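Colleague: I'm new to this one, and I'd like to learn how to read it. Could we go through it together, feature by feature?

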Amino acid sequence: MKIAIVTETFLPSVDGVVTRLRHAVERMTELGHEVMVIAPDLGVREHHGAQVVGIRPVTLPFYKHRRFTLPTPTVDGIIRGFHPDVVHAAQPLLLASSGAFAAHRQQIPLVASYHTHIPRYLDLYRAYRWGKPAVWWQIRRNHALADINLATSQTMRAELESQGVKDLHVLRRGVDTETFHPRFASEQMRERLSQGHPDKKLLVFVGRLAAEKEIHRLRPMMGRRYDVALAIVGDGPFRGELEQLFSGTHTLFPGFMGGEDLASAFASADAFIFPSVTETLGLVILEGMASGLPVVAARSGPTMEQVTDGVDGLLFDSGDEASLDAALTRLGDAETRGRIRVAARTEAEKFSWPAASDDLLRYYELAIEKHEGARA
């Protein structure tokens, strides 16, 4: 099969969308499929046998930390020259929307996937809330072009359906259980992340430091919990503001971490903390679970699809400090913590990137079948 993936983000960027697509490309090329990725030009030309075609990016005023590519007719010519059997538009809003319209014009089967909940994020950026109806209009228009639409959670599937998006399916999630594993726990890393206080409850957050991650909601906890050390791992546009906000608390900003350092940061903590209620899934939750960590997470639909309170994680109500304190108290019980660690790792082992990528391939095949049936 010849597959064209048009995406708003790809390597060398690091986020959940890139992680999913990277593993999918690797699996597809290993199975003998020919893959082309069209993405913002960040210097990568090839990945695991797939050609990466870069399109000149720009910096948007409301998100200066990452470069995006605006819709462009150039994509139409690239896809026409490649002549794929299927086009996958990942988050068709800017560049990926050009892929969706190119597939529509050229009558190529189209799969569109929804990864980032932009309308909900706009609620967190006061100056841009006015654009929310227009964004929903564009989402509905672009996804209407697809033969198959994919959401990353049942919760997001239901919300997209309520907005009129049709032909929706939920894409299987995955995690690399070899890269993220309890064996990477390190006394040295724990000493570093706890700033020399390894006896404290060490909570680690990993992700892009942006407003939609709602990391600021952890500040009251750090103002009253002297038994907690917090490590906020990552970088992003909100980092400076967060460093100022958390100044004077036992909070460390070690910056971006990858490879074995990241695996060790996960495995050396007592828990992974996840305060966001705006994520469409949060693949990083599974990375924490694969590392043998209890996930202390704010209740939301997508999070509750991954974490069962008291079994493989601990849930609290966003904005309810008493609820968060209760979760931390439960975390402090060694027997409870040990049981959850084992259950979290066991749950993560049910998922793999090859299985998730094979699931995506089946949706490509379904889109081709549906498209050919509609033309018959």
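Colleague: In what sense do strand E1 (residues 2-7) and E2 pair, and over how many bridges?

Modeller: Before that, some ground rules: this is a predicted model, where local features need pLDDT of at least 70 and side-chain atom pairs count only at pLDDT 80 or more, while totals for chains, interfaces and linings use all residues. Residues are numbered from 1 along each chain as its sequence is written, and side-chain values use heavy atoms, with hydrogens and water left out.

Modeller: Now the general idea: strands (E, at least two residues) and helices (H or I, at least four) are DSSP runs numbered from the N terminus, and two strands pair if DSSP finds at least two bridges between them. Here E1 and E2 run parallel, joined by five bridges. To find the pairing by eye, look for Ala4, whose bridge partner in E2 is Met36.

Colleague: What kind of unit do E1, H1 and E2 make?

Modeller: The handedness rule goes like this: point the strands away from you, and a crossover is right-handed if the path from the first strand over the helix to the second runs clockwise. E1, H1 and E2 make a right-handed β-α-β unit.

Colleague: Is E2 mostly covered or mostly open?

Modeller: Buried means under 20% relative accessible area, exposed over 50%, and partly exposed in between, with a 1.4 Å probe and protein chains only. In strand E2 (residues 34-40), six of the seven residues are buried, so by that cut-off the strand is mostly covered.

Colleague: In what order do the eight strands of the open sheet come?

Modeller: Read across, the order is E3-E4-E2-E1-E7-E8-E9-E10, and the pairing is mixed. Strand E3 (46-47) and strand E10 (168-170) are the edges, each pairing on one side only.

Colleague: And which order do the six strands of the other open sheet follow?

Modeller: That one goes E13-E12-E11-E14-E15-E16, with parallel pairing. Its edge strands, strand E13 (251-255) and strand E16 (313-316), each pair on one side only.

Colleague: Why does Ile215 count as buried?

Modeller: Because its relative accessibility is 0%. You'll find Ile215 in the loop between strand E11 (201-206) and helix H8 (219-224).

Colleague: How many cavities of 30 Å³ or more are there?

Modeller: On a 1 Å grid over the protein atoms alone, a cavity is a set of points where a 1.4 Å probe fits but cannot get out; a pocket is an open set with protein on both sides within 12 Å along at least five of seven lines, and lining residues have an atom within 4 Å of a point. Grid points are joined across faces, edges and corners, and a volume is the space filled by probe spheres set on the points. The count comes to two cavities. The largest cavity has a volume of about 70 Å³, and its lining includes Arg217, Pro275 and Phe316. The second largest cavity holds about 40 Å³, with Arg20, Ala24 and Trp353 among its lining residues. H15 gives the largest share of that lining, four residues.

Colleague: What lines the second largest pocket?

Modeller: Its lining includes His23, Glu26, Phe351 and Trp353, around about 150 Å³ of space. Helix H1 (16-30) and helix H15 (353-375) are the elements giving two or more residues to it, and H1 has the largest share, four residues.
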